Amino acid sequence: MLLLLTPLHAQQDGERGRFRSSVEYEPISVVGARPIREIGYQQTKFDSLALKEGVSLSMADVLAFNSSIYVKSYGRATLSTVSFRGTSPSHTQVTWNGMRISNPMLGMTDFSMIPAYFIDDASLLHGTSSINETGGGMGGAVKLSTTPATNEGFGLQYVQGIASFKTFDEFLRLTWGNRNWQVSTRAVLSTSPNDYKYRNHDKKVNVYDEEMNIIDQYYPMERNRSGAYRDLHLLQEIYYNTGRGDKIGLNAWYINSKRELAMLTVDHGDDTDFENLQREQTFRSVLSWDHLRQNWKLAAKAGYIYTWLAYDYKRDLGNGTMAHMTRSRSRVNTLYADLSAEYYVGDKWLFTAALTAHQHFVHSEDKNIILQDGNRGIVGYDQARIELSALVSAKWRPTERFGMSVVLREEMFGKEWTPPIPALFIDGVLSKRGNVIAKASLSRNFRFPTLNDLYFLPGGNPDLKKESGWTYDAGVEFTVGNRERFSLHGSATWFDSYIHDWIIWLPTTKGFFSPDNIKDVHAYGIEVEANTEIALTKEWRLMLDGSFSWTPSINEGEPRSAADRSVGKQLPYVPEYSSSISGRLTWRRWTLHYKWCYYSKRYTMSSNDLSLSGTLPTYFMNNISLEKIFSLKKVDISVKGAINNLFNEEYLSVLSRPMPGINFQLFVGIILK
Amino acid sequence: MTRLTNISLCAMLLILTSCMKWEYGEVETFTASGNGLFICNEGNFQYGNATLSYYDPATQQVENEVFYRANAMKLGDVCQSMIIRDGIGWVVVNNSHVVFAIDTETFKEVGRITGLTSPRYIHFLSDDKAYVTQLWDNRIFIVNPKRYEITGYIEIPNMSMEQGSTEQMVAWGDYLFVNSWSYQNRIFKIDTRTDSVVAELEVGIQPTSLVLDCNNKLWTVTDGGYDNSPYGYEAPKLYCIDAESFEIERCFEFRLGDAPSELQLNGSGDTLYWLNDDVWAMSVDAERLPVRPFLNSRGTLYYGLTIDPYNGDVYVADAIDYSQQGKIYRYSQTQELIDEFYVGIIPGAFCWK
């Protein structure tokens, strides 16, 4: 049996002022906290153990195994999008330190490009709760943040990972701090040819005789072709705390990525004949200032995002010359500003206000062509758009057992305003015994078309309407246990949402795709979460996190014609059921971690046909890891081994996108004490 | 607490059970004798769910996914076109970079041509020579269908690789005519003896299809490009071109914003059909475009069109929402609905056996 060894992932331990290893746990928490600012929130918070579980993990991996939202992955280290509650990825808003980072051209975020080691604080704001953070999250929002360490002096952490398919991951973090200053530099470098083997069930190889008659056929054992990647991430943070209520922070994140786009299982081309490459350079930065006083707070942020995206599709002409078939380039510059204020009146009222602005400048070149007059021309667009969002809220907790929050948001994209976006949240303690809390909320929401929706050539549709919807949810949660031995937390939420004028890109008779406001969708269902932490003995500890979602997402639009069989059917590629479980068993300095996730079958057609290619089978995935920390005099050394796809499943997550079979990872980490 | 631990471990063991399978297909036996109609269902680009359907007009029976079912493997990504020669069907699967050769009675594969850039159409010149047009390539590939080999290329003049587009082919004597569609405005004349372009004719923006009528006149229809295209945007046009002189004889102009496509001829070659929201028909001798359609759309999204060469029945494909099984409507020459049936995703091309 392969020895499973694992990394030392360390995280900042604020109280002790140094990194600590992942097996050092805080006392069990059993308090059902209800901060006034989070009245009625339906949110999932990720603990640092989940975020720092592996240096090679992206946020897509973390979300897949620690929540029940749907992660649609096109392959290993390939585009991964997430969607809540039966909506699409573009209905998920993503913020990093308060700044929206969804690509304004595409309206979605690739979570495979966010290393989990760069995120200190992550939470999911389900449905209506996202209104408190940003508009446009018809399904919800993913809130990602970095937080200042509380180091005294110099700190260092280094992790190296070696994995199957010649995959190498490196992580380095250097910190320095004192009472006022905290400085941190993080770097992640991941490289792999990513050429994992798989049995291709979608095609056969022919064996011919001399007369070119087929005498045999077989399913080939292939490698993932043209799937190599090299991702570099650098994150610089500087924080200054006056100690008198003022904090200043600077975060700067640079990404340099080079990824090939893997060939489909049904591609009969030779990978050496083609080059299919995507490159990205992104720089994101946020400068923040927080001014805290006893009963009020003022915060200001300014940010900037630069993204350069290049896509090259080349063909070998047979003489070694690679000729461009497609050469697209895009540049996005985004300026960001945010001003927010909070004011407490006693301990029963909290008033908040925020004004956020994103100004995008987009230059997109999709194709270079020779015009009819012989001159050169570019198919693309140049557009700028200002996006404003304003929020006011009043949160009221008249008694310890009851809270209510009213939120009003208003948004403007370009020259178009939304109607006022109201949201109402209430919560109440049903029983102090067991911390049983009931929550309910409702909100309206709007999502504007992306810049590609409006202006992409060919196909952009400037006449698109914004999507609109209402969402309602209600749920109950409880927390029981005691600090020494045991805690159990659970929640169940029912939600119901309607989205009108859903934007979908469809082919046209002119040979290109174009978006239109096509569908009205009714998404509803139940989300259940539970987690428990048990101190079995003084040295044994068990932690279990589980989630389950039932998310019918039904097309309720008008049929396009009498032949249309999509009305009343589940949206394609949206699983009706999803679930995840993460179990962690520790003994002394050992940790055994088991992760499991599940998606029910996904239809590939809007009519839910059960033809041969009409569904993707139910998806199960099992990963396991074992970690040991060696504590030396000046350093902690961790060794971790992991097995992914434990049962060596041959599977697809998306049609024609093969996934890797069983694969192994070994990590060694060093933390300076 | 020990009991709780046991329960937890048991629960964990239960969920380890896995049943996720990437299924192998099962080979089915078909015997499709007689005349019939193949329908090429493009599928969704990048999803590899193109399929092939087969319809028997006599029995009005349709079989879907016949390639998959006969061969236990997928057809591929974007099935673009198909032709039949001597009992062998040649199915061009654009984004799979392949042309499959199948037995038209059993639907079993008998061979395949690979190494193509982005194949669109195949045209036979002889048993051992055929041309394959390409998108994103400025070359037409010359292949030997007997050996499934690429044997050469025809370079298209004044065409870059990135803007490369050659489409449908029509033979006239020793010459072959090819329309060039994507960001192009030309018809090329190729000498099949020398495999070289010998002439070209400028037409409107983006000629989408090409046919040769009973009078040896070429017909092509342009889509006019699109609004804000740097290549231009104009009213689409229908051209009648004399094959011998390679000159435009007549030109019919549509309205700006129209999107005519799928130009077809009936079996006798004297009536043109095309799609432009509705289905339109016009005699090859007509002096102006018809004012009323042959068939009105009924909320349908017509995407493919063919005419039965034997009896003139009109088959029109409705892609519906492009993400479910499309539907074929079969009409008589008197516009009576004879049959309707579902096929695969985005039915775009037909091939008569």
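Of the contacts in chain A between residues at least 6 apart in sequence, 65% join residues at least 24 apart, two residues being in contact if their C-beta atoms, placed from the backbone, lie within 7 Å. This is a predicted model, in which local features need pLDDT of at least 70, side-chain atom pairs count only at pLDDT 80 or more, and totals for chains, interfaces and linings use all residues. Residues are numbered from 1 along each chain as its sequence is written, while chains are lettered from A and ligands numbered from 1 in the order in which they are written.

**Confidence**
- Chain A has a mean pLDDT of 91, with 95% of its residues at 70 or more; pLDDT is the predictor's confidence in each residue, from 0 to 100.
- Residues 1–25 of chain A have pLDDT below 50, yet beyond near neighbours in sequence this stretch has 85 contacts in the model.
- Where pLDDT is low, the predicted coordinates should not be read in detail.

**Architecture of chain A**
- Three helices and 41 strands occur in chain A, where helices (H or I, at least four residues) and strands (E, at least two) are DSSP runs, numbered from the N terminus.
- The C-alpha trace of chain A spans about 85 × 60 × 45 Å along its principal axes.
- Of the 673 residues in chain A, 48% are buried, that is, 20 or more other C-beta atoms, placed from the backbone, lie within 10 Å of the residue's own.

**Contact between chains**
- In chain B, 71 residues are in contact with 71 residues of chain A.
- On the side of chain B that touches chain A, α1(B) supplies the largest share, six residues.

Key:
A residue is buried if 20 or more other C-beta atoms lie within 10 Å of its own, exposed if 12 or fewer, and partly exposed in between; C-beta atoms are placed from the backbone.
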